Amino acid sequence: MAKPVLYTYYRSSCSWRVRIALAWKGIEYESRFVNLGKDGGQQNKDEYAAINPMKQVPALVMNGSTMTQSVAMLEYLEEVHPEKLILPKDPLDRVKVRELVSVISGGIQPLQNSSVLQKIGDEGKMEWGKFWLDKGFQALEQTLKRTAGKYCVGDTVTMADVCLVPQVFNANRFKVEMEQFPVIARLNGELLKLDAFRESHPFKMDDCPENLRS
């Protein structure tokens with residue numbers, strides 16, 4: 001069976017979510033890089049638009065199907081590779097995880113999407129991004145105070161953690177003062193000790209500019 005193919009960009013938080021999950025579950029895959037800034041954005045080319053009509057990354061080709069939304073990909077990976085779970089078995093804990101995922105993927109991340117920032121323009125995008133990250137993290141911090149153990153929900157890695165770490169990376173890009181959010185900062189630090197999170201980090205990716213690589 002052919003390896004899964006992930007269309008990805010090193011700095012895309014949605015792509016990083018999927019890279020983390022693939023690494024966590026030990027799934028080998030092929031990366032195909034889509035540069036969101038080069039040549040007007042390679043995601044806008046007809047060749048890629050035929051793969052993902054939303055002209056966004058990631059896209060995942062796996063088991064003969066193409067998937068184009070990161071959270072749906074996480075759910076699919078959980079269904080077909082349940083060996084290392086990222087959703088708890090307890091129904092209430094699953095709801096907590098999905099709630100956190102929704103806050104990040106629906107209420108925070110889309111407001112820093114590259115297509116949104118292009119409309120805002122270079123002069124205003126840092127202020128815009130920081131404002132919405134601050135607002136979203138204020139709500140997320142309060143929710144995590146109720147759910148967190150070592151990780152976002154209790155003491156096992158879940159889909160919420162997979163979404164949290166890339167969002168903190170974005171927050172650092174937009175100069176968010178993470179001292180305001182001690183729970184988020186603590187969880188991010190714990191998660192970055194794990195191989196799956198470190199190995200899939202943007203600065204480890206082959207399409208990362210040389211001066212940023214670690």
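Ala, Val, Leu, Ile, Met, Phe, Trp, Tyr, Cys and Pro count here as nonpolar, Asp, Glu, Lys and Arg as charged, and the others, Gly among them, as polar. On that scheme the lining of the largest pocket comprises eleven nonpolar, 19 polar and six charged residues. The model is a predicted one, in which local features need pLDDT of at least 70 and side-chain atom pairs pLDDT 80 or more, while totals for chains, interfaces and linings use all residues. Residues are numbered from 1 along each chain as its sequence is written, and side-chain values use heavy atoms, without hydrogens and water.

The largest pocket holds about 840 Å³ of space. A pocket is an open set of points on a 1 Å grid over the protein atoms alone where a 1.4 Å probe fits, with protein on both sides within 12 Å along at least five of seven lines; lining residues have an atom within 4 Å of a point. Of its 36 lining residues, Leu36, Gln112, Asn113, Ser114 and Ser115 lie nearest the centre of the pocket. Domain 1 (5–82) and domain 2 (91–197) both contribute to the lining, so the largest pocket lies between them. At least two lining residues come from each of α1 (13–24), α3 (70–80), α5 (114–120), α6 (125–147) and α7 (159–173); α5 gives the most, with four. Helices (H or I, at least four residues) and strands (E, at least two) are DSSP runs numbered from the N terminus.

Helix α7 also packs against two other helices. With α4 (residues 91–108), the angle is about 30° and the axes are 8 Å apart; the two are therefore roughly parallel, a class for angles under 35 degrees. With α6, the angle is about 140° and the axes are 9 Å apart, and this pair is therefore oblique.

The loop between α2 (46–49) and β3 (59–62) contains Pro58 and Lys55. Most residues other than glycine have a negative phi, and most peptide bonds are trans. Lys55, however, has a positive phi near 60°, and Val57 and Pro58 are joined by a cis peptide bond with omega about 5°.

How values were computed
Grid points are joined across faces, edges and corners, and a volume is the space filled by probe spheres set on the points. Domain bounds come from an automatic or database domain assignment. Axes are lines fitted to C-alpha atoms, for helices over the stretch in contact, and angles run from 0 to 180 degrees between N-to-C directions. Angles under 35 degrees count as roughly parallel, over 145 as roughly antiparallel, 65 to 115 as roughly perpendicular and the rest as oblique.
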